[in-house]
Amino acid sequence: MVPFLSLYAYPLLPLLPSVPLPPAPEPTKPQPELLTVATTTMAPAAMAFQALTFSPLPLHLPTGRRRVRVLAVTADQPPPPPQSSPSEPANSPSRLLRELAERKKAVSPKKKHPPRRFILKPPLDDERLTQRFLNSPQLSLKSLPLLSSCLPSSPLSAADRTWMDEYLLEAKQALGYPLAPSETLGEGDDCPARHFDVLLYLVFQHLDPSCERTRTRHVRNGHSRLWFLGQFVLELAFSEFFLQRYPRESPGPMRERVFALIGKRMLPRWIKAASLHNLVFPYDDLDRMIRKDREPPTKAVFWALFGAIYLCFGMPEVYRVLFEAFGMDPEEESCQPKLRRQLEDVDYVSVEFEKRQLTWQDVAAYRPPEDALFAHPRLFRACVPPGMHRFRGNIWDFDNRPKVMNILGYPLPMNDKIPEITEARNIELGLGLQLCFMHPSKYKFEHPRFCFERLEYVGQKIQDLVLAERLLMKHLDAPGRWLAEKHRRLLMNKYCGRYLRDKHLHHYIIYGETVQDRFEHNRRLRNPSTTAVQQAIHGLSYCVYGKPDVRRLMFEVFDFEQVQPKAV
């Protein structure tokens, strides 16, 4: 930067007397300098710079007085460019590198290092990796692969055991479980209830930034994997319960009932009703917390709890904890669906639904008889109305049913003692398949239950749960959030309908005569209907053959994971 100096016009310099110049002050920080410029004549910039480089400069002051107007100007002058040797051309690499180095010296931003979690660690050697897998509790159970995949990936530490000794009894007492250690239940490690204490500990370890114990990998991932499973367990449990409790109702009001019971706004109420809020928020008052602080931990703990209960005790215990420990009431005023125009249902329902409205005890305690036609006979009766027998022997049953059953691999071979049972099952299976392909535009306005809606509702929930179990067993070390995103991407509605269309099953959907042309030639109408038929087929297979057949359809017939080779 040019130091502060008063300059007169260059032609006047020889006439001035010789006066030594004062030394230029050292600038402490870069500031704009003041240049005094004569209004009579302006010296060129190069000559001014040359005049500043030589000191002292002899100045001859004029003998006579002369009035000169001086103007003060502020100027930000950049540092002079580095001098290049005359032999170097303007575009020489060495000159460009030197200028770049000078520019880097002038401005040097702070280097931002990546956070530690993004720094790649060296892989474990084979011996340590083998030892880590052998010590993992996830590989301790061969006969219970799903339960084993939800155990912590490494043995619990002393801090984990301390929390269990201090708080686990309070949680078990609130939920109505015996206070004895779960290791004393059953015989052998193959009893799932023996691992309830470990899973119940993981339930309450929602991520707390101030707690070092909940941030360890095996605790954090174990908790998130449980809530990933638990959300689909709850959805399936309520869908089965409401389908059997309200045999004439469409799925729309049922979804509203489920949301009113286990929506995220209601979960803090249930946690407090079961006296579990002190374990979820040990240092905060639940009633005074704002929603964004209390709802996410409550939702994670609530979902994880039912994931653990489902793994250790099964679906009947899920109903007991929901309606007994948490005190949920499906007839409560706040849980009722909004009023809507109801279509008149003139068709019969199964005899077991006509006598009285089923309670949660009826659904939880139900065991199908040994000679039952289906894996879930009462759920089948709740979804397939008895009047479907009027469609037996129609054109669709004669032309399309054999083709559909051939593509889906039906009927499955069953070991029935009486041949008439096999024949009756196959007849009911054909009628259920016809209902799966019956679009609401065909008969719904005259006969509200003669469409695929109720089977679609249960099929959507069972395919969610089946895929969640598959991902948990396939990715043992993945956290719950990663699994939830993969689950969402695999079960997008557009993919479900596409898998059905790949098998050319959409040609057999039964539309109403007035809308058939529109649905067959408009993909925006056709694709959602094919998705619904896909899910209805899963619901039917769950009712007739159980969960194993849903797995067969999803991963062998329709190839939801897209791992099978494609035909060229």
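These notes cover a helix pair, the cysteines and some backbone geometry in a predicted model.

1. Helix 18 and helix 24. Helix 18 spans residues 419–436, and helix 24 spans residues 523–545. Their axes come within 9 Å and cross at roughly 160°. Angles over 145 degrees count as roughly antiparallel, so helix 18 and helix 24 are roughly antiparallel to each other. The crossing is right-handed.

2. The contact between them. Helix 18 contributes Arg 425, Asn 426, Leu 429, Gly 432, Leu 433 and Cys 436. Helix 24 brings Val 533, Ala 536, Ile 537, Leu 540, Val 544 and Tyr 545. By class, the contact has nine nonpolar residues, two polar and one charged.

3. Cysteines. A search of the whole structure finds zero disulfides. For Cys 312, the nearest cysteine sulfur belongs to Cys 191, 8.8 Å away. A disulfide needs the sulfur atoms within 2.5 Å, so Cys 312 is in no disulfide. Cys 312 is buried, at 6% relative accessible area. Cys 335 is also buried, at 1%.

4. A cis peptide bond. Most peptide bonds are trans. The bond from Tyr 410 to Pro 411 is cis, with omega near -5°. Pro 411 sits in the loop between helix 17 (401–408) and helix 18.

5. Most residues other than glycine have a negative phi. Asp 559 has a positive phi of about 55°. Gln 562 has a positive phi too, near 55°. Asp 559 lies in the segment after helix 25 (547–557), and Gln 562 is found in the segment after helix 25 as well. Asp 559 is buried, with a relative accessible area of 4%. Gln 562 is partly exposed, at 30%.

Definitions and conventions
Residues numbered from 1 in each chain as written. Predicted model: local features only at pLDDT ≥ 70, side-chain atom pairs only at ≥ 80, totals over all residues. Heavy atoms only, no water. Axes fitted to C-alpha atoms, helices over the stretch in contact; angles between N-to-C directions. Helix = DSSP H or I, 4+ residues; strand = E, 2+ residues; numbered from the N terminus. Parallel < 35°, antiparallel > 145°, perpendicular 65-115°, else oblique. Left-handed = near helix turned anticlockwise from the far one by under 90°. Contact = heavy atoms within 4.5 Å. Nonpolar A, V, L, I, M, F, W, Y, C, P; charged D, E, K, R; others polar. Buried < 20%, exposed > 50% of the residue type's maximum accessible area, 1.4 Å probe, protein only.
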